Amino acid sequence: MAGMKLYSLESNDPPQLGPYRLLRRIATGGMGRIYLARQAAPGTDAGPAGPTGTVVDHGLVAVKTLLAEGFVSKPDRERFAREVELAGRVESAYTATVLDANAKAERPWLAIEFIPAPSLGELVVNAGTLPADAVRWVAAGAARALVELHGRGVVHRDIKPLNVLLPHDGPRLIDFGISHAHDHTSSTTTIGTFAFTSPEQACGKKSTAASDMYSLGATLFFLAVGRSPYEQTDHSFGILALVQRGELDTDGLPPELEPLILPLLRVDPESRPSPSDVLRDVLADVGQVSAEPRLPQTWTALIEEYAEQGRQLRDGTVDFAAAEAPTQVRPEGTAERADEAISEMREQLEALRKQRDALVRAQAEEQAEAEARELARQEEEERRRREQARKEEAERRERERKEQERKERERKEKERKERERKERERKERQRSERERERIAREKTETAAKNKSTSTTWTPKAPPKPAAAKGPAKSSGSSEGVGALLLVALVIGALIWHPWDKKDDDTPKSSPSSGVTLSSSSGTTSGDDGSSDDDSDSGTDSYSSSSSSSSSSGGLDDTETEPEPETTSPEPEPDPTEEAFKAVSYGDCLDVVDTGYGGTTKYDWSEEEPNTTSCGYGTRVKVTGTTGDCPTGVGKATWSYYSTSSGERTELCLTGQYRQGDCLLAKHEGNTISSIAMLSSPNCTDRRVPVPYNEILVVTDIYRATGAGAEVCRHGQYDSNTYWSTEVDDGATQLCVKAYD
């Protein structure tokens with residue numbers, strides 16, 4: 001006999017919950033049990049039609065309680081209270097109405113409307129699949145229920161054929177045991193049935209209203225085809241994997257139902273239709289849903305059988321004293337009726353055996369689902385752990401790579417500066433050799449000129465008259481004085497060396513002119529240090545020429561021979577002057593201040609300017625070639641006077657600075673008194689030119705704000721001492737510290 005199955009109470013079942021006396025056990029789930037109970041005595045008149053439209057006896061209710069025996073844990077009690085709250089929110093014609101509840105009782109309970117109707121799962125198993133129009137009719141009723149649930153902020157999370165009852169007047173959504181409200185902070189991970197759950201739920205992600213729509217699509221597919229929309233397998237793990245990947249098997253789905261069902265089964269939750277969209281589309285296809293559904297005769301017969309059993313329960317014609325007799329009607333006393341009752345009892349016992357077997361399988365499946373969820377969780381944790389390990393390994397390798405690159409850069413920089421130092425020493429030796437050769441050559445030329453100049457010409461004297469002895473003696477004395485004067489001039493020229501004053505590179509400002517420093521240490525804010533501006537009173541070189549003529553006194557008839565005419569030689573080209581004039585505005589020069597000129601004079605590393613690319617390691621850049629160069633921190637003038645052309649060429653220079661550059665400095669006490677702003681020593685040099693005694697390294701370069709050296713510290717735990725100075729006419733601030 002098909003129909004409603006009711007089971008006798010067992011020793012672990014309570015006889016009463018609240019004001020309700022328990023009559024039979026309707027079902028047992030993974031977390032609770034549902035009982036048939038009555039508040040009034042049997043035979044009491046039925047009440048009016050309930051909110052679902054089904055006429056039921058309000059004294060006959062379904063009471064749900066927790067499966068736990070004895071002490072109820074706090075998490076279980078909170079979960080049950082949440083179900084009571086959510087079920088109480090929903091007062092709809094498409095769900096079972098909540099009548100009474102007590103979540104704080106020793107054994108919490110919930111009394112809901114008893115609906116004598118089969119589930120969609122039982123109808124498909126016992127009466128077959130539905131035609132397309134009937135599927136649309138069920139879809140419309142379920143969509144109406146979800147519109148109201150989602151409108152109240154409730155996500156059901158376990159929509160499946162067993163949780164949708166179907167009385168004559170339309171579908172009823174039941175079992176809010178794992179529902180979720182959007183305003184709850186508890187876990188939103190699914191605990192529903194794998195074959196009807198959504199891919200995001202199967203992956204352990206958050207359940208949303210779109211998850212309910214996927215489950216509705218799987219339920220409608222089951223009504224139309226008779227199976228879930230996945231390849232059939234006996235293993236729960238296999239079903240779970242198919243659901244997680246969204247691998248559907250839609251063979252057998254009627255083409256006219258594809259526009260309704262397939263959009264609901266999309267893997268992307270955002271692309272699934274809402275309940276209102278489904279309701280609108282169904283109504284557009286079939287018009288207003290009729291109160292008389294187009295159901296197969298086998299479906300209506302099973303629904304009517306449940307309804308008849310409900311009427312018998314209401315009227316009190318069921319013998320609840322008979323063991324395991326779900327719908328036993330009281331016998332009328334005839335032998336024929338007794339045989340029929342015995343036969344019927346045998347059928348019921350066989351059905352009970354099958355149902356118990358099904359219960360065992362269901363419990364095993366739930367256990368497998370729990371194990372599958374745990375396995376999925378462990379695999380996800382392992383995947384995250386491996387991903388974190390890979391990330392940490394990649395970060396470690398990246399740090400090692402950067403460290404190797406840094407060491408390689410430092411090595412190359414050290415080699416570069418060592419090559420530059422050796423090159424400067426080589427050029428310095430060459431310059432010294434050229435200077436010695438030039439001095440020797442000039443001394444030779446001076447000696448030759450001195451010999452030529454010291455030779456005097458004496459005019460031929462006329463015959464002397466006898467009476468002219470006194471004047472003749474006076475004339476001889478005058479000639480001796482002139483010769484002495486000429487010798488004195490030659491000796492002065494040899495001492496003065498005017499020909500050595502050809503290269504005047506005395507700067508308009510000293511190497512540290514205008515440098516103003518502020519300092520900061522890691523423990524105090526630091527006092528602003530200042531440097532004494534060293535003034536340079538260097539003078540431009542000049543050349544002088546003198547001519548001497550000798551004259552002799554005597555009689556008017558004394559004849560003087562004319563001096564021989566001399567022709568000035570054509571001046572030879574000056575290579576150094578040509579090198580200076582070849583430099584243009586914006587060029588960068590391969591030259592630095594060696595520091596050997598001290599704090600008052602630049603000592604350039606080259607005899608003449610050589611242009612180079614303005615890249616890394618280039619200190620000096622040309623800002624003008626017409627003279628009248630500006631002064632300031634990091635600025636200089638490099639001039640050259642050519643004795644060949646008699647012209648002076650001036651180059652206006654400024655310094656270029658990068659992080660990691662090193663500068664010569666003079667350290668006095670706790671302050672830096674001067675910095676050679678155009679120097680570029682090797683940072684690791686142990687000896688520096690006098691009067692400098694320190695090598696500073698540029699740690700940071702900022703736009704000048706007047707904040708001083710405080711901005712140079714790298715956090716509150718930086719214990720280094722910093723100084724700062726401004727360059728680029730006060731637009732840029734350099735932070736420096738002693739090179740460690």
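The protein chain comes to 12 helices and 21 strands, where helices (H or I, at least four residues) and strands (E, at least two) are DSSP runs numbered from the N terminus. This is a predicted model, so local features need pLDDT of at least 70 and side-chain atom pairs count only at pLDDT 80 or more, while totals for chains, interfaces and linings use all residues. Residues are numbered from 1 along each chain as its sequence is written, and side-chain values use heavy atoms, with hydrogens and water left out.

Of the 740 residues of the protein chain, 41% count as buried; buried means under 20% relative accessible area, exposed means over 50%, and partly exposed is in between (1.4 Å probe, protein chains only). The chain exposes about 40,400 Å², and carbon and sulfur atoms supply 50% of that area. Accessible areas come from the Shrake-Rupley method with a 1.4 Å probe, and for residues only the protein chains shown count as cover. Take the contacts between residues at least 6 apart in sequence: 69% of them join residues at least 24 apart. Contact here means heavy atoms within 4.5 Å.

Next comes the packing inside. In soluble globular proteins, nonpolar side chains tend to be buried together. The largest nonpolar core has 63 residues, and those with the most contacts inside it are Leu220, Leu223 and Trp299. A nonpolar core is a set of buried Ala, Val, Leu, Ile, Met, Phe, Trp, Tyr and Cys residues joined through side-chain atoms within 4.5 Å. Two or more residues of this core come from each of β4 (60-66), α2 (120-127), α3 (132-151), α5 (209-225), α6 (236-245), α7 (258-261), α8 (275-286) and α9 (297-315). Helix α3 gives the largest share, 12 residues. The core also draws at least three residues from each of domain 1 (1-41 + 56-74 + 95-114) and domain 2 (117-314), with domain bounds that come from an automatic or database domain assignment. As for Leu220, leaving out residues up to four places away in sequence, it touches Val135, Ala139, Leu260, Ile261 and Leu264. Apart from this core lies another one, of 28 residues, and Leu517, Tyr602, Trp723 and Val727 are among them.

Helix α3 also holds Val147, which counts as partly exposed at 35% relative accessibility. Setting aside neighbours within four places in sequence, Val147 is in contact with Pro275 and Ser276. Val147 and Ser276 are 129 residues apart in sequence, yet their C-alpha atoms are 6.3 Å apart in space.

On to the cysteines. The structure holds 4 disulfides, a disulfide being a pair of cysteine sulfur atoms within 2.5 Å. Counting bonded cysteines along the chain, the pattern is 1-2, 3-4, 5-6, 7-8. Cys588 sits in strand β12 (residues 588-589) and Cys614 in the loop between β13 (611-612) and β14 (620-624), 26 residues apart. Cys588 is buried, at 1% relative accessible area, whereas Cys614 is partly exposed, at 37%.

Another disulfide joins Cys629 to Cys652 (S to S 1.8 Å), and at -80° about the S-S bond this link is left-handed. The pair links distant parts of the chain, 23 residues apart: Cys629 is in the loop between β14 and β15 (635-641), and Cys652 is in strand β16 (residues 648-655). Cys629 and Cys652 are both buried.

Cys712 and Cys735 are also joined by a disulfide (S to S 2.0 Å), left-handed with -75° about the S-S bond. Cys712 lies in the loop between β19 (694-703) and β20 (722-727), and Cys735 lies in strand β21 (residues 732-738), 23 residues apart. Both of these cysteines, Cys712 and Cys735, are buried.

Back to β12, this time for its sheet. An open sheet of 5 strands runs in the order β13-β12-β14-β16-β15, with antiparallel pairing; two strands pair if DSSP finds at least two bridges between them. Strands β13 and β15 stand at the edges with a single partner strand each, so one side of each is left without a neighbour in the sheet. Antiparallel β12 and β13 are joined by 2 bridges, and Leu589 has Thr611 in β13 as its bridge partner.
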